[in-house]
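Please keep the sequence and the model at hand while reading.

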Amino acid sequence: METALSVLVGCLFTVSLYLLLSKHIIRMLLGVVLLSNAVNILIFTAGRIVSVAPPFIPQDAETVSDVANPLPQALVLTAIVISFSFFAFLLVLAYRAYQDLGTDDTDEMRVAEPENDGLPPLGY
Amino acid sequence: MLPGGLHASDYLIVMPVAICLLFGAVLLMLRKRIDWHPFFAIPGFLALFVVDVLLLLKVAAEGPQTMMMGSWKAPFGIAFTVDMMGALFVTVAGFVGLASAIYAVGSINRTERRYGFFPFLFLMMGGVSGAFLTGDLFNLYVWFEVLLIGSFGLLILGSEHEQLDGATKYCFLNLVATTLFLITTGYLYGLTGTLNMADIAEKAGQMENDGALFTIAVLFLVAFGMKAAAFPLNFWLPASYHTPRFVVSALFAGLLTKVGVYALIRVLMMLLPPERAELATLIGWVAALTMLVGALGALAQSDLRRLLNYLVISGIGIIMAGLALPAADGGLVDAAAAASGQATGATGSAMLAVGLSGSIFYALHSIVVMTALYLAAGMAARVAGTSSLRSMGGLWRERPGLAALMLIFLFAVSGLPPFSGFWPKVALVRGTIGADLPWLAAMILLSGFLTTIASARLFALAFWRNRPAPGEAPPQMRSEFMAEGEPSPAFSLLPLLILAVFVVAAGVTPQWLLAWTDVAASGVVDPASYVESVFGGGS
């Protein structure tokens with residue numbers, strides 16, 4: 001099970017990196033979504049998949065064994081919330097950038113760093 | 001006594017974060033009363049700075065402090081652990097936060113306040129403070145994201161074309177960097193089974209060196225190097241840092257890259273020292289190229305703020321030089337060095353602490369000076385009506401006070417005595433030569449020389465020469481420069497004076513700060529007291 005999930009994580013990383021290397025923001029957004037989901041599965045797998053029993057300690061016991069690891073679930077939940085909110089922000093930002101700059105090609109976004117800026121002042 | 005056997009002073013550890021989040025939330029509720037915002041923001045930042053100083057004094061007196069969230073036993077709960085390095089960083093962050101808030105009152109107009117400038121400012125400061133205070137690796141990731149979302153809000157304040165362009169690049173690259181940090185944290189958790197930094201430091205030290213931890217160290221270097229804008233990953237910074245308001249640029253330049261540097265020091269020097277020692281040569285090259293690229297880039301700019309962007313990068317390279325010293329003990333010491341006796345080991349370890357102390361000192365100096373330079377540049381650009389070096393000039397005559405302050409900060413950023421940039425460079429050069437890395441010492445001096453030329457060029461063009469006739473270089477006006485009237489000196493010169501006090505004090509009498517950074521560096525090189533504070537006293 002862990003091997004299969006590791007392979008899945010690897011595939012997702014590959015696809016998301018390919019998309020992130022694109023010039024077009026819309027593809028980069030898809031890459032960001034895949035990347036954050038790949039990370040979630042990665043953390044889940046890193047916590048080891050040992051059991052499906054919920055990690056509750058019975059009332060009369062001190063310790064408990066052979067239960068699922070509860071920590072990765074907490075981590076993944078946090079990561080999901082964060083990546084979802086960031087994705088929402090990026091969507092709006094990309095839309096505004098497309099509206100205002102008239103392109104979604106990052107090579108053509110040169111407002112902040114104009115290409116033909118000329119030489120800096122050479123004398124005083 | 002409070003619940004859980006804690007004294008009131010124990011709560012100091014979480015107060016910087018609590019104050020920031022509280023004021024951020026209150027100001028969000030007061031979004032219809034934007035005239036009140038300054039009256040909350042200034043006392044809020046003042047309270048933050050006072051709490052930071054109290055925390056620093058407590059750590060200086062009693063050593064590292066730990067608080068476990070929800071009274072969990074270490075290493076299971078989320079720990080807030082503050083040692084000398086964290087306390088120093090958080091105090092200086094509160095210091096520049098206060099100065100920037102005062103400056104913002106005079107420079108941020110009503111529309112931008114309505115967009116939520118001050119709430120974002122508090123939330124970003126909360127993220128920055130949390131990152132410096134936490135003792136849990138996953139929690140560090142969460143604070144990174146908190147400060148990132150705050151910085152996004154500040155970056156696009158005004159929604160100008162330039163800002164949307166810069167913000168797109170900034171957001172994507174920083175998000176990828178933090179995601180890489182999360183990936184690496186996941187791997188480290190899979191390997192060690194813990195997220196508590198003190199616990200990781202102990203467990204990683206006992207593990208066999210089979211390459212897995214080395215891979216993790218490389219991934220951390222890439223992730224934090226990207227956050228810190230180290231050389232091959234620095235391109236997002238000059239693309240975005242000149243687009244927001246000057247006061248926002250000032251805080252970004254001062255704080256955000258330094259959070260990356262802080263995380264780099266914390267993770268590589270404290271959690272994975274043997275792996276860091278193997279990477280030392282690579283870090284040395286990255287540091288050298290970062291400082292050179294920054295200094296050369298600054299020479300080639302024709303805009304005041306874009307020039308400063310590159311000075312930020314150059315400073316990051318100098319800080320990283322202190323991380324490039326070879327380890328003497330605990331690392332992979334080869335047989336010859338081991339046979340030659342304890343003496344080499346002892347000096348090597350001492351050099352590591354000297355270099356790291358210089359790095360921490362330089363990082364603190366850089367936080368203050370970069371913030372001050374951007375704020376001063378903001379005033380200069382408002383007086384001149386432009387930030388282009390082609391059409392600026394004559395400010396020495398128009399604003400002698402501002403020009404004098406600018407000169408102080410430019411001396412400091414170039415590392416010239418008697419200001420704060422000089423002493424950490426002395427420590428770094430001493431450390432690199434002592435660790436037998438003369439080329440790195442030469443690079444530090446060369447980049448200092450180039451930075452001096454770039455600073456002199458800035459001062460000569462913007463302040464010294466006469467203002468060029470408007471015909472030959474039409475200034476491009478941005479809405480920011482056409483603010484309604486000049487703010488009173490209390491909101492423009494006062495914050496610069498506050499920052500200048502640190503620059504001069506740390507330059508003329510560096511002993512007090514050097515003593516603290518020495519403690520901070522030895523606490524990172526030998527984290528025994530950090531570990532003890534987590535597992536011993538933390539309740």
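## One residue and its chain

Apart from neighbours within four places in sequence, B:F252 is in contact with B:S151 and B:Y241 (contact: C-beta atoms, placed from the backbone, within 7 Å). The model is predicted, local features need pLDDT of at least 70 and side-chain atom pairs count only at pLDDT 80 or more, while totals for chains, interfaces and linings use all residues. Residues are numbered from 1 along each chain as its sequence is written, and chains are lettered from A and ligands numbered from 1 in the order in which they are written.

B:F252 belongs to helix α11 (residues 246-271) of chain B. Helices (H or I, at least four residues) and strands (E, at least two) are DSSP runs, numbered from the N terminus. B:F252 is buried, because 24 other C-beta atoms lie within 10 Å; buried requires 20 or more, exposed means 12 or fewer, and partly exposed lies in between, with C-beta atoms placed from the backbone. The C-alpha atoms of B:F252 and B:M124 are 9.8 Å apart, although 128 residues separate the two along the chain.

Some values for chain B as a whole follow.

| Property of chain B | Value |
|---|---|
| Secondary structure | 22 helices and two strands |
| C-alpha box along the principal axes | roughly 70 × 55 × 40 Å |
| Buried share of the 539 residues | 63% |
| Share joining residues at least 24 apart, among contacts between residues at least 6 apart in sequence | 82% |

## A helix pair in chain B

Helices α13 (residues 304-321) and α19 (residues 438-464) of chain B have axes that come within 11 Å and cross at roughly 160°. The two helices, α13(B) and α19(B), are therefore roughly antiparallel (angle over 145 degrees). Axes are lines fitted to C-alpha atoms, for helices over the stretch in contact, and angles run from 0 to 180 degrees between N-to-C directions. Residues making this contact include B:L304 and B:G317 of α13(B) and B:L440 and B:A462 of α19(B).

## Where the chains meet

The contact between the chains takes 31 residues from chain A and 34 residues from chain B. On the side of chain A that touches chain B, α3(A) gives the largest share, 13 residues.

Conventions
Two residues are in contact if their C-beta atoms, placed from the backbone, lie within 7 Å. Angles under 35 degrees count as roughly parallel, over 145 as roughly antiparallel, 65 to 115 as roughly perpendicular and the rest as oblique.
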